[in-house]
Structures are given as C-alpha cells and as structure tokens.
Amino acid sequence: MTRIITPPWPADLMTICRNDCAARGEPPCWQIDAGVQPHHAGYAMRGQVCADCYEIWQADHDATAKRRCAERELHQRRIVYAKRVAAGKMTRQEADREIARMTAIACDYAEQEGKERLL
Ligand SMILES: [Zn+2]
C-alpha cells in the first residue's frame, strides 16, 4: 500500500480517512508522526495516510474549493474590516491592503482553476 507523508496535517483528513477506509472495510490508515512537534496549536502535526485517502482529500481541496474559500473570506473581511475602520481599530489603508491580498489569493486560485480545467 502506497503511503503519503502529509504536509502539516489537514484538520479534515482523519474524518475522510475514517469514512473512506471504513467504507472499504479497513481500519483507519492514518498514523500521526509523534516525533514532529506542532508549531502552533491545531497545526503542523505530520502524519501518513494511504494514497486512496490522500487522493480523496486532494480532490476535496482543488483550486475551485480554494477559490470559493478565499471568496468567502473576502466577503467576511469586507464586513469585519469596515466595522474595525469605523471603530478606529484599523486604518483604511490596512483594511484595503488586507482585502487586496485576499483578492489576489482568490485570483491566483481562479487562474489555477483554469489550468486544472484544461488537464
Ligand atoms: Zn484511510
């Protein structure tokens, strides 16, 4: 069985593995690498899963999923930052810059989405 070493452990990978491996009648394939300490709470654990589970996870995190996620974040930022600026907790310049960066992220994924569609 091919095993994939994950980048920082995705929060939803265990759930995907539990469902997918269980559907195939196998015990969960994931193994957390206990030797790698998390840099931040909830992040940066490393581990391994079978190639099947990793493929399902990747398909769920393609450019379209990431673009939509960035667009939701952009929507939230517009609402939250407008309130912060109005309350004097953030400058207009900071708000514009952070919104511009998230817009650029959404655009990057839109571009990648176009390339993935051609594959
Ligand atoms: Zn699995």
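Me: What should I know about the numbering and the model before we start?
Reply: Residues are numbered from 1 along each chain as its sequence is written. The model is predicted, so local features need pLDDT of at least 70, side-chain atom pairs count only at pLDDT 80 or more, and totals for chains, interfaces and linings use all residues.

Me: How confident is the predictor in the chain, and where is confidence lowest and highest?
Reply: pLDDT is the predictor's confidence in each residue, from 0 to 100. The chain has a mean pLDDT of 87, with 89% of its residues at 70 or more. Confidence is lowest in strand β2 (residues 31-33), at a mean of 78, and highest in helix α3 (residues 63-86), at 97. Where pLDDT is low, the predicted coordinates should not be read in detail.

Me: What makes a stretch a helix or a strand, and how many of each are there?
Reply: Helices (H or I, at least four residues) and strands (E, at least two) are DSSP runs, numbered from the N terminus. The chain has 4 helices and 3 strands, and from the N terminus on the elements run β-α-β-β-α-α-α.

Me: What about α4, in span and in cover?
Reply: Helix α4 (residues 92-118) has 27 residues and reaches 39 Å from its first C-alpha to its last, close to the expected 39 Å. The helix is hardly covered, with a count of 1 buried residue among its 27.

Me: Why is Asp-60 called exposed?
Reply: A residue is buried if 20 or more other C-beta atoms lie within 10 Å of its own, exposed if 12 or fewer, and partly exposed in between, with C-beta atoms placed from the backbone. Asp-60 has 12 other C-beta atoms within 10 Å, so it is exposed. Asp-60 is found in the loop between α2 (51-59) and α3, and its C-alpha is separated by 9.8 Å from that of Ile-16, 44 residues apart along the chain.

Me: Why does Pro-8 get a label of its own?
Reply: Pro-8 has 15 C-beta neighbours inside 10 Å, so it counts as partly exposed. Pro-8 is found in the loop between β1 and α1 (13-23). Pro-8 and Gly-47 are 39 residues apart in sequence but 8.1 Å apart in space, C-alpha to C-alpha.

Me: And what makes Ile-5 exposed or buried?
Reply: Ile-5 has 11 C-beta neighbours inside 10 Å and therefore counts as exposed. Ile-5 lies in strand β1 and stands opposite Gln-48 in β3. Two residues are in contact if their C-beta atoms, placed from the backbone, lie within 7 Å; leaving aside neighbours within four places in sequence, Ile-5 is in contact with Arg-46 and Gln-48.

Me: What makes a set of residues a nonpolar core, and which residues form the largest one?
Reply: A nonpolar core is a set of buried Ala, Val, Leu, Ile, Met, Phe, Trp, Tyr and Cys residues joined through C-beta atoms within 7 Å. The largest has 6 residues: Cys-17, Cys-29, Trp-30, Val-49, Cys-53 and Tyr-54. Leaving aside neighbours within four places in sequence, Trp-30 is in contact with Leu-13, Met-14, Cys-17, Gly-47 and Val-49. Over the chain, buried residues make up 8% of the 119 residues.

Definitions and conventions
Expected span 1.5 Å × (residues − 1). Pairing = 2+ DSSP bridges.
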